[in-house]
Amino acid sequence: MKAGRYGVYGGQYVPETLMSALIELEETYERVREDPEFSRRLSWYLHEYAGRETPLTYCSNLSRDLGCRVYLKREDLLHGGAHKLNNTLGQALMAKFMGKRRLIAETGAGQHGVATAIAGAALGLPVEVYMGEVDTRRQALNAFRMELLGARVVPVASGTRTLKDAINAAMRDWVANLGETHYLLGSCVGPHPFPRIVRDFQSVIGEEARRQVLEREGRLPDTIVACVGGGSNAIGIFYPFVNDDVALVGVEAGGEGLESGRHGASLSRGSVGVFQGALSYLLQDGDGQALETHSVAAGLDHPSVGPEHAMLKDSGRVRYEAVTDAEALAAFRCLSRTEGIIPALESAHAVAYALRAADDLDRDGILVVNLSGRGDKDVADVASLHGGTA
Amino acid sequence: MSRIDDLFARKNPVFIGFTVAGDPGIEASLRVATTMIDAGVDLLEIAIPYSDPVADGPVIERAHVRALGAGTTPDDAFALVREVRGHAPALPLVLFTYYNIIHRRGADRFFAEAAAAGADGVLIVDLPSEESGEVAPYAARHGIDRILLIAPTTSPERQHAILREASGFVYLISLEGVTGERDRLPPNLTGLVGAVREKTDLPLAVGFGVSRPEHVAAVAAAGANGVIVGSALVRLIEEHSSDETAMHEALATAITALRRGLVPDPEPDIPRRARIE
Ligand SMILES: Cc1ncc(COP(=O)(O)O)c(C=O)c1O
């Protein structure tokens, strides 16, 4: 396999001006991976600042209801409320090692923007976050939270005014400010080396989960489920298990149903294409134009997916399923009531699939769901969808 | 001799204009192209509109949006090339595109259609030399020049790798950033042109940010063989979207003024149509 490729997928499909920055990033990454000082500092931030390790919670109520042993990997308890901080602390620290003086990021749900703002504040780097205008409205709480954390939120009014346009805007900023700026990409998408860097920083989720489940159960789980937007929380929990006999399931945004055309299921319904720097699966029309997507979860509302997932789909190692808005909303309420845990709407997609998949497991079967984030950011949205009644 | 080689052999420096196919509408865009050519564009770059033009600044991005909004497809862009070719048989035409348009069609089919329509070169703005093996054989098979880009951030080693593959001319990006008008060009243009000039005999054209007659003069003085103007012309289409006559006047006036920044033509000032036909 060529460097930067996952099977045929991945690569570096970017304007020439960016190539020097990608080469610098790759060289820095190779260097810091071997640097004990970098590992020591990242480890300090992850444990003492962000609150790792996160629990692997046995859900007795849900297990009783579903008839198998259900665990949640609690990334919702990570500082900031989502898995995103694993990656932003790692990359922000890298930016420091590269001598960069400014961070930029894109955000959809706002979670990655918040996590970048947190990392920037902690490490003393100014942060600017590009956010589609539509998302600044539907995730107003997170937009305010970023500003509170000292970041500047830049609304993006071009294109579909959502996540993909925020990424375009961040790439345009980066290409004009390469010397001083690090583009802190929030998922395992984009040109090499981003998919690899993000996967490696997120793999702490799966490494911990593996150790925790072995301690608790003395064996590996039967099935691991995670939601897939760009794919970073999913690859983070899957990666340490890819060579094991464990079923891995990625859950995409089914929106209003795969037949409706209003969804974000790039692996289930997309075709192979180049988008934002990488070859992967893409929701596109016959000419290669990216299609508009839809999901109740802003963090899954994106036409493409990380290239490693494209490879894992083709090889059959990971199964990709879709869950509709309605199923995700039902799971959002279900987990809140049965376990007292309000999941992010993104993570609720994984929960919804677990509710379905439990039928295939017997009483001793072990199911691990990656709870990528907490749902506080979504409560207002869900309240208005439900006409104010919980 | 290809039309591109022939142009650069005849003229130095040349004036290169840029337009997005389908901007401001599918038929109107043919009229824009002919106005640009009649006003003195020596080589025309025609962009295929794309949903996510990350290398472009706001002015050209909005042109992509207008063209897509008008329903422009890659087929329409090829049709435009064919019609422009009929209007100006000797004028070099370069298709400017993002890579997914090619990937989706298949490179063999794309380059075959580009050649059949009468294009001379293809510039793929998001396909660096690391990935260009995917299209190189097809461009060669169909006799299309691949116009490659060199940025101020391109290392000398990568410049060599790019120049080994380039044909037609080399597109030097003047600055770090996306397309769009700038008040002034970076001061080190002469250095960039000179550094690449040492490594190749291909003509060098400078683009990104060039938007005023004094910029054109600076690019020419830096030793470039061509000057590329995009956003400054595309902006006129947007500004005059409600009055097509004014749009064409503004384009012709701007091109005349920008061309004055070039050193005087070595040839006598014979009527343009007579010269290209
Ligand atoms: C809580 C949460 N989970 C999942 C995602 C989707 O991203 P990824 O697929 O990269 O994990 C997001 C994105 O914003 C998120 O906020």
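Biologist: How many aromatic pairs are there over all chains?
Modeller: A search of the whole structure finds 17. Keep in mind that this is a predicted model.

Biologist: Show me one. How are Tyr171(B) and Phe208(B) arranged?
Modeller: Edge-to-face. The ring centres are 6.0 Å apart, with 90 degrees between the planes.

Biologist: Where do those two sit in the chain?
Modeller: Tyr171(B) is in strand S7 of chain B, residues 170–173. Phe208(B) is in the loop between strand S8 (204–207) and helix H10 (213–221) of chain B. They are 37 residues apart, so the pair links distant parts of the chain.

Biologist: Buried or exposed, Tyr171(B) and Phe208(B)?
Modeller: Both are buried.

Biologist: And chain A? Which residues do ring pairs link into a cluster?
Modeller: Tyr29(A), Phe38(A), Phe97(A) and Phe201(A).

Biologist: Which charged ends sit over rings?
Modeller: Arg210(A) has its charged end over the ring of Phe241(A), 5.7 Å from the centre. Lys313(A) does likewise over Tyr281(A), at 5.4 Å.

Biologist: New topic: helix H10 of chain A. What span should it have?
Modeller: It has 14 residues, 204–217. At 1.5 Å a residue, that should give 20 Å. The end C-alpha atoms are 20 Å apart, so the two agree.

Biologist: Which of the residues of H10(A) are buried?
Modeller: Val204(A), Ile205(A), Gly206(A), Glu208(A), Ala209(A), Gln212(A) and Val213(A).

Biologist: What covers them?
Modeller: The cover includes strands S3 (56–58), S4 (69–74) and S14 (366–371) of chain A. Helices H4 (84–97), H9 (194–202) and H11 (232–238) of chain A are also among the covering elements.

Biologist: What follows H10(A)?
Modeller: Gly218(A), with a positive phi near 70 degrees.

Biologist: On to the ligand. Which residues come nearest?
Modeller: There are 18 residues around the ligand. Ser187(A), Gly229(A), Gly231(A), Ser232(A) and Ser372(A) come nearest.

Biologist: What lies by the ligand's oxygen atoms?
Modeller: A polar side-chain atom of Ser187(A) lies 2.6 Å from a ligand oxygen. For His83(A), a polar side-chain atom is 3.0 Å from an oxygen of the ligand. Gly229(A) uses its backbone: an N or O atom there is 2.7 Å from a ligand oxygen.

Biologist: Last one. Where is Gln139(A)?
Modeller: In the loop between helix H6 (133–138) and helix H7 (140–148) of chain A.

Biologist: Why call Gln139(A) buried?
Modeller: Because its relative accessible area is 2%, and buried means under 20%.

Biologist: What does Gln139(A) touch?
Modeller: Leaving aside residues up to four places away in sequence, Gln139(A) touches Gly108(A), Ala109(A), Met131(A), Ala298(A), Lys377(A) and Asp378(A).

Definitions and conventions
Residues are numbered from 1 along each chain as its sequence is written. Chains are lettered from A and ligands numbered from 1 in the order in which they are written. This is a predicted model: local features need pLDDT of at least 70, side-chain atom pairs count only at pLDDT 80 or more; totals for chains, interfaces and linings use all residues. Side-chain values use heavy atoms; hydrogens and water are left out. Rings of Phe, Tyr and Trp (its six-membered ring) pair if their centres lie within 6.5 Å; planes under 30 degrees apart count as stacked, over 60 as edge-to-face and the rest as tilted. Helices (H or I, at least four residues) and strands (E, at least two) are DSSP runs, numbered from the N terminus. Buried means under 20% relative accessible area, exposed over 50%, partly exposed in between (1.4 Å probe, protein chains only). A charge sits over a ring if NZ of Lys or CZ of Arg is within 6 Å of the ring centre and within 35 degrees of the ring normal. The expected span of a helix is 1.5 Å times one less than its number of residues. Contact means heavy atoms within 4.5 Å. A residue is near a molecule or strand if one of its heavy atoms lies within 4 Å of it. A polar contact is a pair of N or O atoms within 3.5 Å; within protein, one must be able to donate a hydrogen and the other to accept it, and residues adjacent in sequence count only if both atoms are side-chain atoms.
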